[in-house]
Amino acid sequence: TIGYRFISPDFSGEPQVGDNLENSNVWDGDEPTDYELGGTCAFSTLGECEKYATWSEGWIVMIGGESEGYGELKGELLIGDALVLSVAKWQ
């Protein structure tokens with residue numbers, strides 16, 4: 001499965017091709033909980049990811065891995081063992 005994810009510079013630093021991403025957590029409003037999902041959340045299209053990141057600075061990464069289902073947002077994928085395939089500086 002291929003998906004796209006925005007990464008903020010204050011979240012984890014600059015991503016590199018080949019990096020493994022951690023599993024995502026369930027959020028309660030604007031705060032992450034201790035409940036870990038079975039993969040990394042990602043958008044199914046680059047356009048959806050760009051729309052999400054409109055007012056942000058950081059990186060948009062294309063990730064690949066095993067499909068683990070869908071996230072809570074429309075069009076959101078859950079990717080297990082997510083590996084960074086490409087990195088593009090965003091704004």
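Predicted model: local features only at pLDDT ≥ 70, side-chain atom pairs only at ≥ 80, totals over all residues.

**From definition to conclusion**

User: Why does Ser24 count as buried?

Analyst: Buried means under 20% relative accessible area, exposed over 50%, and partly exposed in between (1.4 Å probe, protein chains only). Ser24 has 8% relative accessibility, and therefore it counts as buried.

User: What makes the pair formed by Ser24 and Cys41 a polar contact?

Analyst: A polar contact is a pair of N or O atoms within 3.5 Å; within protein, one must be able to donate a hydrogen and the other to accept it, and residues adjacent in sequence count only if both atoms are side-chain atoms. A polar atom of the Ser24 side chain lies 2.8 Å from the backbone nitrogen of Cys41.

User: Which residues does Ser24 touch, not counting those up to four places away in sequence?

Analyst: They are Arg5, Glu36, Leu37, Gly39, Thr40 and Cys41. Contact means heavy atoms within 4.5 Å.

User: How do you know that Gly39 is buried?

Analyst: The relative accessible area of Gly39 is 0%, so Gly39 is buried. Gly39 belongs to the loop between strand 3 (31-36) and strand 4 (40-43). Beyond its neighbours within four places in sequence, Gly39 is in contact with Asn23, Ser24, Leu78, Ile79 and Gly80.

User: Why is Thr40 called buried?

Analyst: Thr40 is called buried because its relative accessible area is 0%. Thr40 is placed in strand 4, and a polar atom of its side chain lies 2.8 Å from the backbone oxygen of Glu22. Apart from neighbours within four places in sequence, the contacts of Thr40 include Arg5, Leu21, Ser24, Ile63 and Ala82.

User: What makes Glu48 partly exposed?

Analyst: Glu48 has a relative accessible area of 29%, and therefore it is partly exposed. Glu48 lies in helix 2 (residues 46-52). Its side chain makes a polar contact with the side chain of Ser44 at 3.0 Å. Outside four places in sequence, Glu48 is in contact with Phe43 and Gly75.

User: Is Ile60 buried or exposed, and how do you know?

Analyst: Ile60 is buried, because its relative accessible area is 6%. Ile60 is part of strand 5 (residues 58-70). Its C-alpha atom and that of Lys89, 29 residues apart along the chain, are separated by 6.5 Å. Among the contacts of Ile60 outside four places in sequence are Phe6, Leu46, Cys49, Val87 and Trp90.

User: Why does Asp81 count as exposed?

Analyst: Asp81 counts as exposed because its relative accessibility is 63%. Asp81 is located in strand 6 (residues 76-90). Although Asp81 is not a glycine, it has a positive phi of about 50 degrees.

User: What makes Gln91 count as exposed?

Analyst: The relative accessibility of Gln91 is 56%, so Gln91 counts as exposed. Gln91 is found in the segment after strand 6. Gln91 is not a glycine, yet has a positive phi of about 50 degrees.

User: How do you know that the radius of gyration of the protein chain agrees with that of a compact globule?

Analyst: The radius of gyration is taken over C-alpha atoms, and the globule rule is 2.2 Å times the number of residues to the power 0.38. With 91 residues, a compact globule would have a value near 12 Å; the protein chain has 12 Å, so the two agree. Along the principal axes, the C-alpha trace spans about 30 × 25 × 25 Å.

User: Which pattern do the helices and strands follow?

Analyst: The protein chain has 2 helices and 6 strands, and reading along the sequence gives β-α-β-β-β-α-β-β. Of its 91 residues, 34% count as buried.

How values were computed:
Residues numbered from 1 in each chain as written. Heavy atoms only, no water. Helix = DSSP H or I, 4+ residues; strand = E, 2+ residues; numbered from the N terminus.
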